[in-house]
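Hi,

Here is the structure I promised to pass on. My notes follow below it.

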Amino acid sequence: MLEVEGLTKRFGEVLALDGCSFVVPEGRIVGFLGPNGAGKTTTMRCVFGLARPDGGSLRWRGREIGEAERRRFGYMPEERGLYPRMRVREQIVYFAELSGLSSSAAGAAADRWLGRLGLADRASSRVEELSHGNQQRVQLAAAIAHGPELVVLDEPFSGLDPLGVEALAGLLAELAGDGVAVLFSSHQLDLVEDVCEDVVIVDHGRVVLSGEVERLRSASSRRILRVTVDGTPWVPRIPGVTEVPREEGRPRILVDASVDLGGLLALAGEAGRVTQFSFEPPSLSDLFIEAVTGGDRG
Amino acid sequence: MTSLATIRLVARREVVQRARSRAFKISTAIVVLVAVALIVVPSFVSGGRPTSTVGVVGGASSELASSLVAVGKAQDRTVEVSAYPDEAAAERALRAGAVDVVLVPDRAQLVWKAERDPVVAALVTEAVQAIERGRTIAEIGLTPEQAAALLRPPGLSSRSLEPVGKEEEGRIALATIVVILLFASISVFGGFLVSGVIEEKANRVVEVLLSRVRPDELLAGKVLGMGVVGLAQILVVAVAVLGALVAVGTADLPQTTPGMVGWVLLWFVVGYGFYSVVFATSGSLASRQEDAQSVSVPVTMLSLVAYFVSLGTISDPSGTLARVCSFLPPTAPFVMVARQARGGVSVWEVAVSVAVMAASTYGLVKLAGRIYEGAILRIGPRVRLREAWRSARR
């Protein structure tokens, strides 16, 4: 289990991390979510010793994270980094060896991942000759080929098409199935809605919400409804009901606990023929908004 | 995994990638060609002997011609004789530079284009005298044995306290070549290091690397790997040079030449060790290849100053400047190797100089290593030395 506890980091005037705490258990996929500048990348860089926290502690399986621990981690930074003129397989082997694999084990792992990621025929191409998407795959292989116990990916889904998102999500699930602790960050909460089991939502360097997604959803006091009358979205102008503009432009409404749903349905019936009247589980964005506004946003 | 194993991995990548690059192959080929040409070409051009051409008015008798050639040979000089029908024709040839001197036997006179060349004058005088002597001996009626006894040279051998003339010129040339070769190699591989370090920053590979290895391991591996490639290149050149020496013979080369092959290898290791750390650290200050030049200005200036000082000391290898500079870090590799090419440097001097360099390189590694650590993860504009120094503080 990765334990991040009370992490603080200041860059000049900016407080990037303000007592950030969360855990990533083995075998779980944890989405590290929040808007740009919330401190996600800084936290990840601290885990890998690329930035030094001003305070707080970082532990893996109960031990302070040091060099030995980091060799058993895999990291894919947001700014992708590969040697452009090095050949694909060589590069994956090199990084795996740096993480402590013997050259034969590194070679076998590279071949396995190249096959798994559909890059087997590009093994001896230079990285610079590959398409952007394939370069990302190589980057991923370089991060996980050495069989790490913890995989940390910074914005792995950004720039991927829906198919790519699905493929990567499947791969992460596979890793978690093998007992790997997976932490990935994203600023696009909608994109990773279905990917993560657990979320840690940060804002301004502090964790505002964390836990299992399903539990967070059911614990949410926010009632979100989708109501259509005569096939078009319906938003009543009454106190306690607000529009939540989102999701493919189809409006939904947020209904305060004080509003009687029976009365609301009756009101909709007066407006016309009710074609849809359904509860929606709160999305990650809803949860995020609820968390940062303290749940009092109407 | 140990630090050494990590350093070896980083170094190996450096060696493999660099040795495979076209720039490396081409630069090696050029250096080999130039080094071999410097040895082979002179021995072809003149055979190592100066040549003088003597024009003789009124046609040269075969007796005079062979006497001129014989005397020339005795003085290690090739003499060519041209005959002219009259003085006017001979003078035209003299003005045109076809002959060095014109001999007018009727008037027993030497005609020069401008300045009299005492060596050539003595040579022609001796040749004419030899013929006169032969005639006189024949007139007196001496037996051939008597004549031989009379004309036998005294057979003096000679030795010099210091290398003189050709040998000294040769050693000056050798020292110059060696210093240039050393400076060029250190600069080229230092430059490779700068761009290699910047490449890792520019591509952000450095983040992936440093999530697995320590900055000092990365720095050590890169410096070491590039050093191995540099040493390999110099070895290739050394082998080519030795081959060329064997092929053309060392007779015309200064006596210090064969030993210099080994000394250049030593001084490359020592000099590269010192400068490479500064080159690599300079590279860590920049995030874009465009800044490579400006961040390496200080180290380039340092090596240039050392280079010019060493060129300046070649003519006076035992002067105070040369002696002092052959023990001081920035200049020692270049100045000491130049002094060795000139000859007369004792082994203990070399040992002391190497020890001083090793000690200062160790100190430099500590200093530069910290700057490298502080700067390598700072992507963006050029990192100031002070910022780098501060942010490396743990």
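**Helix pair in chain B**

H12(B) and H14(B) are roughly parallel to each other (an angle under 35 degrees). The model is predicted: local features need pLDDT of at least 70, side-chain atom pairs count only at pLDDT 80 or more, and totals for chains, interfaces and linings use all residues. Residues are numbered from 1 along each chain as its sequence is written, and chains are lettered from A and ligands numbered from 1 in the order in which they are written.

The axes of helix H12 (297-313) and helix H14 (332-342) of chain B come within 8 Å and cross at roughly 20°. Axes are lines fitted to C-alpha atoms, for helices over the stretch in contact, and angles run from 0 to 180 degrees between N-to-C directions. Helices are DSSP runs of H or I with at least four residues, strands are E runs of at least two, and both are numbered from the N terminus.

H12(B) brings B:Ala306, B:Tyr307, B:Val309, B:Ser310 and B:Thr313 to the contact; H14(B) brings B:Phe334, B:Val335 and B:Ala338. Contact means C-beta atoms, placed from the backbone, within 7 Å.

**Sheet in chain B**

An open sheet of 4 strands runs E2-E1-E3-E4, with mixed pairing. Strands pair if DSSP finds at least two bridges between them. E2 (78-84) and E4 (109-112) of chain B are the edge strands. E1(B) and E3(B) pair in the parallel sense over 3 bridges. B:Val56 stands opposite B:Leu103 in E3(B). Helix H4 (87-96) of chain B lies across E1, E2, E3 and E4, at about 160° to E1(B).

Best wishes

How values were computed: Parallel < 35°, antiparallel > 145°, perpendicular 65-115°, else oblique. Contact = placed C-beta atoms within 7 Å.
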